[in-house]
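Me: I would like to go through the terms used for this structure and see what stands behind each one. Please show it to me.

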Amino acid sequence: ALREQLTGYPHMKLVVLPTMYPQGAEKALIESITGRQVPPGGLPADVRTFVTNVATANATHEAVNEGKPLYERVTTISGDPLSTPQNLRVRIGTPINALIEECGGFVMTPGKMLHGGPMMGLPLTSAEVPITKGSSVITFLSQKESEREEQTDCIRCSECINVCPVSLQPILISNAYERGDIDEAERLGAMDCIECGNCSFICPSKIPLLENIRGAKQAIKAKSAG
Ligand code: SF4
Ligand code: SF4
């Protein structure tokens, strides 16, 4: 369908990428398509690139060409606990409860509700929370999927380093955060973490690497804000 739409636009090119997580991450996408690497701490503009997703491009078109303000968006309501997971066009401000109802309710009690996908999503504690313009996915995990395995000591397998798409050393940043050395976490490039969750997912010792790196990023931001 996209190819058909692109006929007559010779300056536009459709590039099909392999299905690979986190292929959609901005910096990974830029490198896959253009071969350019955004420098540590840098922005896409530093390598003369601008990235936008389909929903944002469409919202921009509607705002500029049709004068339509951003009052609704398509949100994916997903996960095994739902009776009928689906993509819904919803008004911004709609409580998640209403979307659960629209999906036919639950077939099992969910263990966790996430604002985002299973890897990067942030836990939500109430379904009264409204959809915002940034709510692309609401994920429900089953109780089994939500179980947290017991954390053990790092076995220095280096798997977290091997899977990091932006070449960070997650365990070192996590350790720095845990001992309160925020300067070291910053020096190790914590702010370049794209929060893909690969490191936490792969870690055989179940160390909450992403959680700690998110904490380090917040601490760095707070420090910079003075
Ligand atoms: S979440 Fe982990 S693997 Fe992903 S970018 Fe951050 S440090 Fe790297
Ligand atoms: S993946 Fe886990 S156990 Fe392996 S080096 Fe990283 S933190 Fe340590």
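Me: What does the secondary structure of the chain come to?

Reply: In this predicted model, where local features need pLDDT of at least 70, side-chain atom pairs count only at pLDDT 80 or more and totals for chains, interfaces and linings use all residues, residues are numbered from 1 along each chain as its sequence is written. Chains are lettered from A and ligands numbered from 1 in the order in which they are written, and side-chain values use heavy atoms, with hydrogens and water left out. The chain has 10 helices and 5 strands; helices (H or I, at least four residues) and strands (E, at least two) are DSSP runs, numbered from the N terminus.

Me: Why is Leu14 called partly exposed?

Reply: Buried means under 20% relative accessible area, exposed over 50%, and partly exposed in between (1.4 Å probe, protein chains only). Leu14 has 33%, so Leu14 is partly exposed. Its place is in the loop between helix H1 (2-6) and helix H2 (26-34).

Me: How much of the chain is buried?

Reply: Buried residues make up 32% of the 226 residues.

Me: Which residues are around ligand 2, and what makes them count as such?

Reply: A residue is near a molecule if one of its heavy atoms lies within 4 Å of it. Those around ligand 2 include Cys154, Arg156, Cys203 and Leu209. The shell divides into 9 nonpolar, 2 polar and 1 charged, where Ala, Val, Leu, Ile, Met, Phe, Trp, Tyr, Cys and Pro count as nonpolar, Asp, Glu, Lys and Arg as charged, and the others, Gly among them, as polar.

Me: How many Å does the C-alpha trace span along its principal axes?

Reply: The C-alpha trace spans about 50 × 50 × 40 Å.
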